[in-house]
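Me: I've got a model open and want to talk through how the chains are put together. Can you walk me through it?

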Amino acid sequence: MKLVVLIKQIPNTSNVRIDPKTGNLVREGVTSIMNPEDRHALEAALSIKDHFNAVVDVISMGPPQAIEVICEGLAMGADKGILLTDRAFAGADTWATSTALGNAIRKNGPFDLILAGRQAIDGDTAQIGPQIAEFLGIPQITCVSALELSDGKVVANRIIENGCERIETPLPALVTCLASLNEPRYPTVGRILDSVLESTPIEIWNAADIGVKAQEVGLAGSLTQVLKTFTPKGGRETQYLEGTPSDIASGIVQFFVDRQVRLGE
Amino acid sequence: MTRIPRPTAEEMIRKTFARFTDDEIIPKAREMDEAGKFPRWMFEKIAKTGAYAMRYPRKIGGAGGNTTQFCIMVEELARGSMSVAAFTAMQCLMGTNFLYQYGTKDHHERLLKPALRGEKVASFALTEADAATDLGGAKTMAVRDGDHWLINGSKTWITNAPVADFFTVLCQTDKTQGLKGLNFFLIERETPGLYVSKKFEKLGTRATEIAELAFSDVRIPLENRLGQDGQGVGNLMRILAVIRTMTAALSIGLARAAFECSKRYSLERTQFKKRIGSFQLIQQKIANMATEIWGANLMTYKAAEMIDRGERALKEASMAKYFASETACRASDEATRIYGAYSYSMEYDVQRFYRDCRFLLFGGGTSEILQTIISREEGVY
């Protein structure tokens, strides 16, 4: 059984700061981490590996330093790492990212299941997993909180707004994972020491290696263009309404009317 | 294929154990301290990271790590809880070292390998009522009796004693030989005649259990002497630099914890309508803490580097341990001053740092004996 896990290196945004002049994230002094939900996806794959005869490959796209999360994936228990890195990949939106990752997965050969985090906490789009499934023409189950494999199919619990769906689909398929799926293991000391050795397999691929043209990926291949990023001006104003309950209710309605807020049909 | 440099093992170990400490230890540190019991669940959680196997070679189930990596790991753990770091260090180093070096194949299979997997708890028994810094004063006797050793005596201040599965115990085999008559012996917990006292009530490191051991006609096989006859102290000296450097790393971890709390509080707490961090006397404390921690860091990891290169590092390790442990005590003290009356409340972590730092002054040699050693190493004695 072959499992592919998509992992992303992101800035640790628990203490995020935005440069007010450029609108960009201040990266100085910000450590990089593996996207939290990707860690749960990898744990799911490693749990399958613990019980079945499975091979787990981790794939990431990013700058050269993203090799750190590949090493971390190997230290957790993955068998092989692949890093897509090329200046041509820079500035990619989700479409261009999915194009690059989808081609890389194809190049890597047949697989049974792709696992990814639901979304990365830097972009929060939740689009990469579904787009890759579409790109590869395979079924997908998103927002998975429980997962079982048997007889060439995957059965998963999918969390939706007001409950849970139980979905079954044949393999190969793609699932995106929630944090509630499992408790990820920590890398072990022995595997950490192995992961930094050149003998531990990590393949580095550029655009040419995965057979895509520069204009299909990165900023050039993106369907969306970011015109500007900025931090919304802060400062909240509290207005106290006084009087009878009727006066206050009228005041609230007038407040919405003045601001042209539609209150429903 | 393009080649991209990988992160170093040291960076990976720091990052992994920093996350482990932030996510697993810090949220439970106060609870473990208040419970005052050995947290076996935490011991087992750490075991899953392969931490206890770090220093040992692959062939016996180890990870093949070095002293620098070991120090980084325990430093990060100590940032969260000195108790947790202390029992981890015992399991990784003193409790298992002599068993690895001088144990039989059977010892390795039955005891060492399970200990490295966290399935057995190890302990190390050196100190006696009248023999601490003065090891030559050890009175616990091991007498050859046919094809066995017969052990009689007692040990005190034994880390992990109430929960340990086996002990490496320093015993005198020939009173006339003094230090040269000392040897290490492996004694398993279930051996008849071995008694463990109730755990000590102590000021700090409350989640590490410490007790006394008493040996009354404890009979163990001849192969349980760990090392050549009369080599006990010599063999101890061989890892003393590692023990001291490791203790220095524990000290840095605790000092960093006190420092981080102090920084945060200095930026939060206001008096006279100003953050207290804007007052120069608070800034002086922060600056001194930062400077000393940096110094302790440089000394500790330089000593670790020397050990990893196979160099004699007794002086440097002694200096690092002396400076780093005193730094941890000063940092904890200054943290309580910055917190003012709140440091006196059990609700804030700084009181725990203030209690736990005292542990660092004794293990691996007191500051006083270390100064004597450093002076002697410099030729003045």
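Me: Let's start with strand 5 of chain B. How many of its residues are buried?
Reply: Six of the seven are buried, so by the cut-off of 20 or more other C-beta atoms within 10 Å, strand 5 (residues 182–188) of chain B counts as mostly covered. Keep in mind that this is a predicted model.

Me: Which sense does strand 4 of chain B take when it pairs with strand 5 of chain B, parallel or antiparallel?
Reply: Antiparallel, over seven bridges, with strand 4 covering residues 166–172 of chain B. Leu170(B) sits opposite Phe184(B) of strand 5 there.

Me: And how many bridges join strand 5 of chain B to strand 8 of chain B?
Reply: Two, and those strands run antiparallel as well; strand 8 of chain B is residues 225–226. Phe185(B) has Arg225(B) as its bridge partner in strand 8.

Me: What else is Phe185(B) in contact with, if I skip its neighbours within four places in sequence?
Reply: Besides Arg225(B), the list has Ala142(B), Trp149(B), Ile151(B), Val169(B), Cys171(B), Ile220(B), Asn224(B) and Leu226(B).

Me: Where does that residue show up in the largest nonpolar core?
Reply: Phe185(B) is among the residues that touch the most other members of that core, which has 191 residues. The others picked out are Val5(A), Ala100(A), Leu115(A) and Val175(A) from chain A, plus Val74(B) and Leu254(B) from chain B.

Me: Which element gives the most to this core?
Reply: Helix 7 of chain B, residues 232–268, with 17 residues.

Me: Switching to domains: what's the assignment for chain B?
Reply: Domain 1 is 9–116, domain 2 is 122–230 and domain 3 is 233–377. The centres of domain 1 and domain 2 of chain B, taken over C-alpha atoms, are 23 Å apart.

Me: How many residues does each of those two put into their contact?
Reply: Domain 1 of chain B puts in 26 residues and domain 2 of chain B puts in 20 residues. On the domain 1 side, helix 1, helix 4 (82–92), helix 5 (94–102) and helix 6 (105–116) of chain B each give two or more residues. Helix 4 of chain B has the largest share, seven residues.

Me: What's the make-up of that side by class?
Reply: The domain 1 side has 15 nonpolar, nine polar and two charged residues.

Me: Back to helix 1 of chain B. Where is its kink centred?
Reply: On Ala29(B), with a kink of about 50°, in a helix that covers residues 9–35. Gly36(B) follows the helix, and its phi is positive, near 65°.

Me: OK, now the chain A and chain B contact. How many residues come from each?
Reply: 18 residues from chain A and 20 residues from chain B. On the chain A side, helix 2 (67–76), helix 5 (189–195) and strand 11 (202–205) of chain A give two or more residues each. Helix 5 of chain A gives the most, with five residues. By class, the chain A side divides into eleven nonpolar, four polar and three charged.

Me: Last one, strand 7 of chain A. Which strands does it pair with?
Reply: Strand 7 (residues 140–150) of chain A pairs with strand 10 (residues 173–177) of chain A in the parallel sense over three bridges, and Gln140(A) stands opposite Leu174(A) there. With strand 8 (residues 153–160) of chain A, the pairing is antiparallel over six bridges, and Glu148(A) faces Val155(A) across it.

Me: What about the hairpin between strand 7 and strand 8 of chain A, which residue takes a positive phi?
Reply: Asp151(A), with a phi near 45°, in a hairpin that has two residues between the strands.

Notes: Residues numbered from 1 in each chain as written. Chains lettered and ligands numbered in written order. Predicted model: local features only at pLDDT ≥ 70, side-chain atom pairs only at ≥ 80, totals over all residues. Bend = angle between axes of the 7 residues up to and from the residue. Helix = DSSP H or I, 4+ residues; strand = E, 2+ residues; numbered from the N terminus. Core = buried A, V, L, I, M, F, W, Y, C linked by C-beta atoms within 7 Å. Buried ≥ 20, exposed ≤ 12 C-beta atoms within 10 Å, placed from the backbone. Contact = placed C-beta atoms within 7 Å. Nonpolar A, V, L, I, M, F, W, Y, C, P; charged D, E, K, R; others polar. Domains from an automatic or database assignment. Pairing = 2+ DSSP bridges.
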